[in-house]
Amino acid sequence: MRKRISSVLAVAATGALAVGALGVLPQPASAAGSGLLGDFNGDGYRDLAIGSGGGAGRVTVIYGSAKGLPGGKRVTIDQNSPGVPGSNETGDKFGAALAVGDMDHDGYSDLVVGVPGEKIGTSEFPQGDLVVLWGGRGGLTGGTTLTGGLKSGTPYGPAAQEVHTGDFNHDGRTDLAFTVTGRLRVVLGPITRAAGTGAVSTVSPGSSVWIDHFTVGDFDGDGRSDVVYAATVPPEIDSDPDDLRLHYLHSTSRGLVDAGTLPITYAAGNRVPLATGDIDHDGRADLALSAGKGVSIFYGEAGGPLGATRKPVAINEATPGVAGDNDAWDSFGASLAFGDVDGDTYADLLVGNPTERLGTNASIRDAGNITLLHGSAKGINTARTQTFSQDSKGVPGHAESGDRFGSQLQLSDFNHDGRADLAATASGENGTGLVWAFPGTANNLTSTGSAYFGPPAGASGFGTPLAG
């Protein structure tokens, strides 16, 4: 829909920026809700938000329960839902980006929804919008639009294509970061239901590259989270560079400061999946990324991911203990997610390979699979990896060409047993996408009790993205 331009977010001078460590955001000491990140209704179970980022867009929420996602209530929210700003229009892409955090500091997690196809004012081109859906005792209800901070979106780079939350000024309140026309914009919280916010600031990488996507974590353990972003070439640049690098922004009392580039390159136009989690439980975020057919791990230390003590580790399907054949068509690392599956306090890494071929003579193309790599005190441990596809025993359905199982991943504790459970998207399933759920156990993920969820009527791109 077209929206009237508002001045909700007054752009202020750049303030101190610091992001909450390891993606675990600070919560109030006493609160009406549970204070759990991802618990929208405050019942002590983390919930799953599923975007349908195509067309007008919508968000499906499956609430966690003692039986996990299969036993939870399911609702669908779009721009025609009561209290949600705007109205459904083709191309809005409501839910194309999602982030979770307690934006108003009341103990209930809220859901930040990117609407990159939104048109603002009289513009014929999409500039993008952000909507906060508010958590409460009854779950997500109503919403607030944050149009005012997004005026610099352009048809080349609409705002809100990627969104993350964190504590950017280390005050115990949740802040917001999102992309807009090649820059990173930071909005300090709390964000109130009346659309009040703290200061707004912008980080720009310069004219020759821009920020396409990013991740957040406290890589050096100083209590302030940092940012790693992937640079891409602006659309108006005719000649692409031969390769690009990942940039590390260190958080200081003066804001986010460029601290250098990671020793890894990738071809212009390629997307680099990024994820953060504390693999070795040392209080510093570790970085997982894929710049090609494999995953690289950069361990956090005093110097952040650029520290000199620990060398990066490369893992692919040829790594001992990892199942697979490392063929030319594989995309091992196309999606990444961290979570503690077995409850041992070490973050485990889930790796998606949506182009994996299965069947006799690899005849089932782009069927997809997922691999779980366990964390330990020494880092990633490949001695007890797991691999699942739709043809694995106990998994409902079966592998077909083009399913792309594992194209999106999320690990969260949906049944409150202290272990992360899996949500995985097969983006090509039935032409619309389906989402599978697997429970975590004391040892590993299990396909026993796994289930799948289909899209609401009229949805496209179901399961892209996931958040919880």
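Here are some friendly questions and answers about a predicted model, looking at one strand and at several salt bridges.

Me: Is strand E28 largely enclosed or open, and how many of its residues are buried?
Reply: In a regular strand the side chains alternate between the two faces of the sheet. On one side of E28 sit Leu-434, Trp-436 and Phe-438, on the other Val-435 and Ala-437, and all of these are buried. The strand is therefore largely enclosed by the rest of the structure, and the number of buried residues is five of the five.

Me: Which residue in E28 stands opposite Ala-424?
Reply: Strand E27, residues 421-426, runs antiparallel to E28, and five bridges join the two. Across this pairing, the residue of E28 that stands opposite Ala-424 is Trp-436.

Me: Which residue in E29 stands opposite Val-435?
Reply: E28 also pairs with strand E29, residues 451-453, in the antiparallel sense over three bridges. Opposite Val-435, the residue in E29 is Phe-453.

Me: How far apart in sequence are the parts that Arg-271 and Glu-162 tie together?
Reply: Side chains of opposite charge can pair when their charged atoms come close. Arg-271 and Glu-162 meet in a salt bridge of 3.3 Å, N to O. Arg-271 lies in the loop between strands E17 and E18, and Glu-162 in the loop between strands E9 and E10, so the parts they tie together are apart in sequence by 109 residues.

Me: What is the N to O distance between Arg-271 and Asp-212, and where does Asp-212 lie?
Reply: The side chains of Arg-271 and Asp-212 meet in a salt bridge. Arg-271 lies in the loop between E17 and E18, so this pair ties together parts that are 59 residues apart in sequence. The distance is 3.4 Å, and Asp-212 lies in strand E14.

Me: How many salt bridges are found in the whole structure?
Reply: Some of the residues involved are linked in a network of salt bridges, namely Asp-104, Asp-106 and Arg-193. A search of the whole structure gives a total of eight.

Methods. Residues numbered from 1 in each chain as written. Predicted model: local features only at pLDDT ≥ 70, side-chain atom pairs only at ≥ 80, totals over all residues. Heavy atoms only, no water. Buried < 20%, exposed > 50% of the residue type's maximum accessible area, 1.4 Å probe, protein only. Helix = DSSP H or I, 4+ residues; strand = E, 2+ residues; numbered from the N terminus. Pairing = 2+ DSSP bridges. Salt bridge = Lys/Arg side-chain N within 4 Å of Asp/Glu carboxyl O.
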